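Hi,

Here is the structure I promised to pass on. Have a look at it first, and then read my notes below.

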Amino acid sequence: MLQKYDRLKSSLLLALAAAGSAAFSGTAIAEGTVCNLEDGFSVELASYIEEATICVNSAENLVAGTADGLVAEINAERSAAGLAPLERRASLDLAAAAHALDMSTRSFAAHADLEGRDHLHRIRAFDRTMLVGASGANVSVAFSSADAAAIHNEIKRDQLNRDNILRAGFTDVGIGVVEQAGQVYVVQVFATAEGDLDKALPISATGTQSLSASLMSRDQKVVAWGLSDTASGEMLARSTMPRVSYTALRTADAADLDVLVAVRDRTYVLKGPLVSGQ
């Protein structure tokens with residue numbers, strides 16, 4: 001049986017295959033494809049996901065040991081505060097590493113990339129099943145000589161960063177560490193996974209697709225599914241039935257899958273994957 005980390009990686013590969021992209025795993029690269037980040041990743045959703053995945057899989061300057069150490073530091077910090085440890089999630093690792101690579105190549109440090117895509121956008125692009133209740137991120141740049149403990153201590157000096165590390169509601173984490181020109185670019189991505197779609201959402205979609213989800217709490221109940229244009233926020237489709245029509249996407253490059261959930265007398269929205277009509 002696939003473990004959580006591997007299952008999520010597999011769901012992304014299936015979604016890429018459904019979108020018509022070349023399938024690859026591990027460090028394999030689609031034939032003839034070269035990772036070039038000088039101008040950043042493509043603005044089109046499907047190409048963005050494919051390019052970022054290829055770049056991360058082929059990168060030789062990812063510092064895996066430091067990323068592993070930072071996960072251990074975060075969970076030790078949470079344990080000392082009486083909090084549950086965070087699960088390492090492959091899609092969040094990909095989101096973090098892609099942003100760290102972009103920052104190191106284009107020499108910037110920020111939560112959004114130079115095209116304006118933020119951490120939540122990356123989470124929803126790369127994770128094809130997760131229903132996100134809340135998210136957060138820490139971004140830092142340190143000297144290459146710094147180990148995980150030193151980087152962790154520097155990150156938590158900022159109160160907002162420390163709040164992310166110790167937020168009780170967060171369940172999952174991904175870390176990306178990239179070394180470039182004597183520095184390491186560090187991105188930590190946090191999320192509250194309140195459920196997962198039972199089947200990976202394809203990146204490019206047409207027609208109508210049945211949807212079902214497994215929620216973390218038995219008290220939660222899905223009451224509606226919706227699609228909204230990522231750029232404008234316009235509602236494109238809504239259904240109280242367990243299916244969604246992609247007809248309204250037309251040529252929209254990216255739309256958000258939103259899941260309305262009820263818990264007793266309260267309703268709120270869980271954020272699902274991004275999908276493209278192109």
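The largest cavity in this predicted model is lined by Phe 41, Tyr 48, Ala 98, His 99, Asp 102, Asp 113 and Arg 122. Its volume is about 30 Å³, and searching the whole structure turns up one cavity of 30 Å³ or more. Helix α4 (residues 90-106) gives the most to the lining, with three residues. By type, the lining residues split into three nonpolar, one polar and three charged.

Now for the aromatic rings. The whole structure has three aromatic pairs. In one of them, the ring centres of Phe 41 and Tyr 48 are 5.7 Å apart and the planes are at 75 degrees, so this pair is edge-to-face. Phe 41 and Tyr 48 are both buried, and together with Phe 126 they make one aromatic cluster. Tyr 48 also has Arg 117 lying over its face, at 4.1 Å from the ring centre.

Phe 170 and Phe 190 make a stacked pair, with 5.7 Å centre to centre and 10 degrees between the planes. Phe 170 sits in the loop between α7 (159-165) and β3 (172-180), while Phe 190 is in strand β4 (residues 183-197), so the pair ties together parts that are 20 residues apart in sequence. Phe 170 counts as buried because its relative accessibility is 2%, and Phe 190 does too, at 0%.

One last thing to look at is a hairpin. Strands β10 (residues 255-263) and β11 (residues 266-275) run antiparallel and are joined by eight bridges. Two residues lie between them, and Arg 264 in the turn has a positive phi of about 55 degrees. Val 263 stands opposite Arg 266 in β11.

Cheers

Key:
Residues are numbered from 1 along each chain as its sequence is written. This is a predicted model: local features need pLDDT of at least 70, side-chain atom pairs count only at pLDDT 80 or more; totals for chains, interfaces and linings use all residues. Side-chain values use heavy atoms; hydrogens and water are left out. Two strands pair if DSSP finds at least two bridges between them. Helices (H or I, at least four residues) and strands (E, at least two) are DSSP runs, numbered from the N terminus. On a 1 Å grid over the protein atoms alone, a cavity is a set of points where a 1.4 Å probe fits but cannot get out, and a pocket is an open set with protein on both sides within 12 Å along at least five of seven lines; lining residues have an atom within 4 Å of a point. Grid points are joined across faces, edges and corners, and a volume is the space filled by probe spheres set on the points. Ala, Val, Leu, Ile, Met, Phe, Trp, Tyr, Cys and Pro count as nonpolar, Asp, Glu, Lys and Arg as charged, and the others, Gly among them, as polar. Rings of Phe, Tyr and Trp (its six-membered ring) pair if their centres lie within 6.5 Å; planes under 30 degrees apart count as stacked, over 60 as edge-to-face and the rest as tilted. Buried means under 20% relative accessible area, exposed over 50%, partly exposed in between (1.4 Å probe, protein chains only). A charge sits over a ring if NZ of Lys or CZ of Arg is within 6 Å of the ring centre and within 35 degrees of the ring normal.
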